[in-house]
Amino acid sequence: MLFFNSQSIPELSGLSFQQRMSVVRMATDRLSVPIKLLLNIIKLIILFSFFMAIARAEGWYMLYYSLGLVIVYPLITRPLTFYFARRFFRPVRFKLYPELSTDQEQNDAV
């Protein structure tokens, strides 16, 4: 399942925004090299295609492509990052914030 917002991820429920972002950051650091490479290639393809469109555009079309980039880039990259890093959310959360979990949740995470 793809999540567009970190608030809707069950493994991160009960955490503040700053806590969720630190868990996501640490979880993405645990991703394997091929997965990180795949994510970076996807990001590069998105950026390259929009920047080429912006470079070739004339007049107000540059603004439209720029706006499209600002909207499309996070709509594609964030859900993919959440999808690939989701298996690490629970262990990282209980490593960083053990006081916010029950004993049963900690046992399930390990």
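Biologist: What pLDDT does the protein chain average?

Modeller: The protein chain averages a pLDDT of 88, and 91% of the residues score at least 70, pLDDT being the predictor's confidence in each residue, from 0 to 100. This is a predicted model, in which local features need pLDDT of at least 70 and side-chain atom pairs count only at pLDDT 80 or more, while totals for chains, interfaces and linings use all residues. Residues are numbered from 1 along each chain as its sequence is written, and side-chain values use heavy atoms, with hydrogens and water left out.

Biologist: Which element has the lowest mean pLDDT?

Modeller: That is helix H4 (residues 103–109), with a mean of 51, whereas helix H2 (residues 33–56) has the highest, 95. Helices here are DSSP runs (H or I, at least four residues), numbered from the N terminus. Where pLDDT is low, the predicted coordinates should not be read in detail.

Biologist: Switching to Glu-11, is it buried or exposed?

Modeller: Glu-11, found in the segment before helix H1 (17–29), counts as buried because its relative accessibility is 13%, where buried means under 20% relative accessible area, exposed over 50% and partly exposed in between (1.4 Å probe, protein chains only).

Biologist: And which residues is Glu-11 in contact with, leaving aside its neighbours within four places in sequence?

Modeller: Glu-11 is in contact (heavy atoms within 4.5 Å) with Arg-86, Phe-89, Arg-90 and Arg-93.

Biologist: What about Phe-82 and Phe-89, buried or exposed?

Modeller: Both Phe-82 and Phe-89 are buried.

Definitions and conventions
Helix = DSSP H or I, 4+ residues; strand = E, 2+ residues; numbered from the N terminus.
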